[in-house]
Amino acid sequence: MIDALLDALLDTLKLVPWLLVMHVLIEVFEYHAVSKIKLHKVLRGKWAPLIGGACGILPQCGFGVVAADLYSRRSIRLGTLFAVFIATSDEAVPILLSAPTAQSLAKLGVLLGCKLAVALIAGYALNFLLRKRELTEMDPAAAVLKGCHRHELGEHSHEHEHGRDHADERKRFGAHSEEDIKEGAVACADEPSVQKKQFDFKCFVLHPLLHTLTVAAYILAVNAVFAVALYYVGEARLESFLTAAKWYQPLLAGVLGLVPNCAGSVVLAQMFARGSITLGAAVAGLSVNAGIGLAVLLRKNRPAVHNVYIMIGLYAYSVAVGLLLTLAPM
């Protein structure tokens, strides 16, 4: 038993450096690239599901947060929200890339390809059915939202009336509003000139390190559970059980995907990488999972019963796709 748990620990520790590198790269990407995207334009036109789905494929969960917030204000259509949610994989991409092999890269390519296709079908179908529903007017300044990595997503503008003076005052006194603290929405830097000159230790070192340790803890838990199962049950019996239960896997994976944080995606990605669940189950669970986007939707969107309908629809659609993929010969 001790040897099995030590093997689980060693397997997890081997992934930590790769995970840290991936999360640092994600921070850099969000900080320098995502903030330049003009969401108030791209998420309202006919290409909205395609752009939303493509953004969701990127290894971060900020777009799910943005989409949930914009939908709560009726600034985007339901199909666009679904496209972003379904395409979002949260921690699946870093995990599958943390130990890169030909097999893991192939699995990642198939997984992301399936999720993008499924996201586009749902997005365009829903937007077509709801095409007569009017959207509210959207102020470009209101499109500056904060992603899950605390970077601004959307129109990046500093040309407001007291912008520079206010930013200087905030930097001088270190003050942030109570609302910013509650939302975790304090950007890493306030002015472009500061972004170029200063290295932000918190954004590029501390945050990736903490995120990596959190993900590693989830992976260790999954590895430990499998180690104990293999020790008591035996590899042959466990494999036999998973094979027999493959028709139920999409349903169970979908339930796990409803967890509104990265835990669900970590478990699903790790099990998929180990070959413990089918492609259908992985697509089902990771299509339902939208990181903290679901939590933002539940908090901001009203009436609350609409959120229940959205979650039921998201779950039913994702599980149906997962079952179809399970039936398909692979």
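Colleague: Does Asn307 count as buried or exposed, and at what relative accessibility?

Modeller: This is a predicted model. In it, Asn307 counts as buried because its relative accessibility is 1%, and buried means under 20%.

Colleague: Which helix holds Asn307?

Modeller: Asn307 lies in helix H17, which covers residues 304-327.

Colleague: And what does Asn307 touch, leaving out residues up to four places away in sequence?

Modeller: With those left out, Asn307 touches Leu297, Leu298, Asn301 and Arg302.

Colleague: Turning to the largest nonpolar core, which residues touch the most other members?

Modeller: Those are Leu81, Phe85 and Leu111, in a core of 53 residues. In general, nonpolar side chains tend to be buried together in soluble globular proteins.

Colleague: What does Leu81 touch, again not counting residues up to four places away in sequence?

Modeller: Leu81 touches Ala67, Ala68, Tyr71, Ile76, Leu297 and Ile310. Leu297 is also one of the residues that Asn307 touches.

Colleague: Now to charges. How many salt bridges does the count come to?

Modeller: The count comes to 2 salt bridges. In one, Asp69 pairs with Arg73, and the closest N and O atoms are 2.4 Å apart. In another, the side chains of Lys300 and Asp69 meet, with 2.4 Å from N to O.

Colleague: Where in the chain do Lys300 and Asp69 lie?

Modeller: This pair links distant parts of the chain, 231 residues apart. Lys300 is in helix H16 (residues 293-300), and Asp69 is in helix H4 (residues 62-72). Through shared partners, the salt bridges join Asp69, Arg73 and Lys300 into one network.

Colleague: What is the relative accessible area of Asp69, and is this residue buried or exposed?

Modeller: Asp69 has a relative accessible area of 8%, so this residue is buried.

Colleague: How many disulfides does a search of the whole structure find?

Modeller: The search finds 0 disulfides. As for individual cysteines, Cys55 is buried with a relative accessible area of 10%, and Cys114 is buried with 19%.

Colleague: Why does Leu210 count as partly exposed?

Modeller: Leu210 counts as partly exposed because its relative accessibility is 48%, and that class runs between the 20% limit for buried and the 50% limit for exposed.

Notes
Residues numbered from 1 in each chain as written. Predicted model: local features only at pLDDT ≥ 70, side-chain atom pairs only at ≥ 80, totals over all residues. Heavy atoms only, no water. Helix = DSSP H or I, 4+ residues; strand = E, 2+ residues; numbered from the N terminus. Buried < 20%, exposed > 50% of the residue type's maximum accessible area, 1.4 Å probe, protein only. Contact = heavy atoms within 4.5 Å. Core = buried A, V, L, I, M, F, W, Y, C linked by side-chain atoms within 4.5 Å. Disulfide = S-S within 2.5 Å. Salt bridge = Lys/Arg side-chain N within 4 Å of Asp/Glu carboxyl O.
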